[in-house]
Amino acid sequence: MTYWAVRAGAGWLVVLVPLVVIIVVAPDHPTWLVVATVVEAVVGALHVLVMPRWRFRVHRWEVTDQALYTQSGWFTVERRVAPISRIQTVDTERGPLEQLFGLTKVTITTASAAGPLKIHGLDAVTAARLADELTTGTGGDGT
Amino acid sequence: MNDWRRLDPRVLAIRPIEGLIRAAVPLLVVFFSGSGDGPGQWISVAAAALVVLAGIMHWFTTRYRITDTQVELRTGLLRRRHVAVPLDRVRSVDVTASVMHRLLRVAVVKIGTGRQDKGKHDELRLDAVSAGEARALRSELLHRQNAPVAAASPAADPTRHPTQDATAYPAPYSAPAEVMLSEFDPAWVRFAPFTLSGLATVGAITGYVFHLLNEAHIDPGRVGEVRSFAGVLSRTSLPLLALAVLVILVLLASAFSTAGYLLAFWGFRLTRHPGGSLHVQRGLLTSRSVSLEERRLRGVEIREPLLLRLVTGARLVAIATGMREDRGSDKGGELLQPPAPLALTHRVAALVLGTTDPTTAALRMHGPAARRRRYLRALAAAVVVLAVFVVLRVLGALPNWPWWLAALLVPIAAVVARDRYRSLGHTVVAGYLVTRHGSIDRRTAALRTDGIIGWRLKQTFFQRRAGLATLTATTAGGHGAYHVPDVPLREALDCAEDAVPGLLAPFLAPAPPRSPR
């Protein structure tokens, strides 16, 4: 949850900081620029406050003998299901920000170009166990 | 048969000429741009020599072989490349021959593998082998299990040089055992003007002419005839001029569409080989022949763009795994039937699938909420455009007529929304998931349920409020994903359960997904 907040916050800062700098440095900035900056700051703050909680309540995943299920998103909710037998690859991945929080992202792809399942924010142990579980015991072509 | 084979020596004549033609424009520009005998002429002559040399080297550096387990290709002089593909991953064999290839009786063989990734590197391309060798390769690669005799046929015998293969080209690819599913009928050409494919050609030619004029430093305004013509134009009223341009454009586009249709689809035949594959053959000048294993077939898709639908025409496209993502109209699948009467297209679909055509099944409508959403979205877009033009008019930036035109969008949007809703539908019938959507580009896809390898259920905030969801079946073939848009959530779950029993159910029973809202 904090991870999402930090990531979203960083995104907004990238936009906001240059604007603030321009306002501070350039004395003859137009009024609309100030208005735009304030509006953006408010929207950004709301996004950072609301989105991670909302997202955390939506995100979930489940794995059974036959299939893997994920649910993600916040404003747009998407659920994906894939049978274990059709799984092609399992990637575990950790970005710099994710390492800071000790989180791992697991991406599970099938033979379809349009349907990778992603599970965000797992702790390293769970992620490794999941990857093991999913990669053992698949056979066949999977298309 | 495990020896390395070379390409056909006739390539020595074709490759350099092809290379020169491809490089002709820049070469000529460089040649003529320098005044007198400047360095430009020498550079272009040297470049042309290089192109010819590269074409010749292609033959010397390329070798291929088919072993018991894989196809291998070695190519390249400076950048050597060695590709090996396991035989059981070969999913399609595509034989193309341009006019020059056909004159010399050779053909380019492309061996497609199952990757959906973009990029040419996974494709084995033999450019070129003799026509007989191409035919032998195809049966060797595709009908291994069913017809091992093919490997022993004389054309595939490496002890015999390919040029000795005297089989006449273009001899028919089909043995008498092949079953004809569809054959070109000149009457189909009447659908050509409705495909709009010519419009792109007209655009490209216009662009090219202007580019040439620009390149040659010709200012059209300085040519006397053009100037007097422009003078006549400037005295004509604007609406009349617009009408004239439109008529000319429509005529040109129709002419080019028809020409394009004939070039691409002349001699079209769709046949079924007893070895378990479908063959598509077509092309007036450049002949193209594609084979597709039937076990890779996951369904079919009927495409009816608005104009084609007005004259009840349709195209049929295969949903198959391991097909190359093509450009333009063939995108996302191999063409099984060029634009032709709808009834015929349905008939071909039934023949291909070997059942009654699932795309003719009665579809479930998606209900009032989906209809509201169609209208809301179409009208909202039209109103936004209208509002922008009205505001610009009030600000005095534009004259009156733009917003009058924009106002026309509103009734058009309503008509489109109505049609979009009427097109919307889905059903699960006899082992196929059938879904239809779209108005301007309406598509009906029938996907075999055992080809579905996952589900996506997507709900935006507004869809949740309306109790709708977009159900997407993912598959390894075609586009990779087939959508059932804006279906009531309950029906989406039922549909998924009907199509692939037991896949979604375990996740619904213990913890039902968050109900809409």
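Predicted model: local features only at pLDDT ≥ 70, side-chain atom pairs only at ≥ 80, totals over all residues.

1. A salt bridge is taken here as a side-chain nitrogen of Lys or Arg within 4 Å of a carboxyl oxygen of Asp or Glu. By this criterion, two salt bridges are counted between chain B and chain A. In one of them, Lys458(B) meets Glu78(A) at 3.7 Å, N to O.

2. Residues are numbered from 1 along each chain as its sequence is written, chains are lettered from A and ligands numbered from 1 in the order in which they are written, and side-chain values use heavy atoms, with hydrogens and water left out.

3. Across the interface, 33 residues of chain B are in contact with 30 residues of chain A (contact: heavy atoms within 4.5 Å). The two chains bury about 2600 Å² between them, 53% of it on carbon and sulfur atoms; buried area is the accessible area (1.4 Å probe) that two parts lose on being put together, summed over both.

4. Eight residue pairs, both members at pLDDT 80 or more, are in polar contact between chain B and chain A. A polar contact is a pair of N or O atoms within 3.5 Å; within protein, one must be able to donate a hydrogen and the other to accept it, and residues adjacent in sequence count only if both atoms are side-chain atoms.

5. On chain B, strand E18 (452–459), helix H13 (461–466), strand E19 (468–475) and helix H15 (505–508) each supply at least two residues of the side that touches chain A. Helices (H or I, at least four residues) and strands (E, at least two) are DSSP runs, numbered from the N terminus. The largest share of this side, eight residues, comes from E18(B).

6. E18(B) also pairs with strand E3 (residues 77–83) of chain A, in the antiparallel sense and over five bridges; two strands pair if DSSP finds at least two bridges between them. Within this pairing, Leu457(B) in E18(B) is the bridge partner of Arg79(A).

7. Chain A contains an open, antiparallel sheet of three strands in the order E4-E5-E6. Its edge strands are E4 (87–93) and E6 (117–123), each pairing on one side only. Strand E5 (residues 103–110) of chain A is joined to E6(A) by five bridges, and Thr104(A) has Leu122(A) as its bridge partner in E6(A).

8. In chain B, six strands form an open sheet in the order E14-E13-E12-E17-E16-E15, with antiparallel pairing. Strand E14 (334–341) and E15 of chain B stand at the edges with a single partner strand each, so one side of each is left without a neighbour in the sheet. Strand E12 (residues 297–305) of chain B and E13(B) are joined by six bridges, and Arg303(B) has Arg315(B) as its bridge partner in E13(B).

9. Two backbone values in chain B may be checked. Thr312(B) has a positive phi near 45° although it is a residue other than glycine; Thr312(B) lies in the loop between helix H9 (306–310) and strand E13 (313–320). Ala430(B), also not a glycine, has a positive phi of about 45° and is found in the loop between strand E15 (425–429) and strand E16 (432–437) of chain B.
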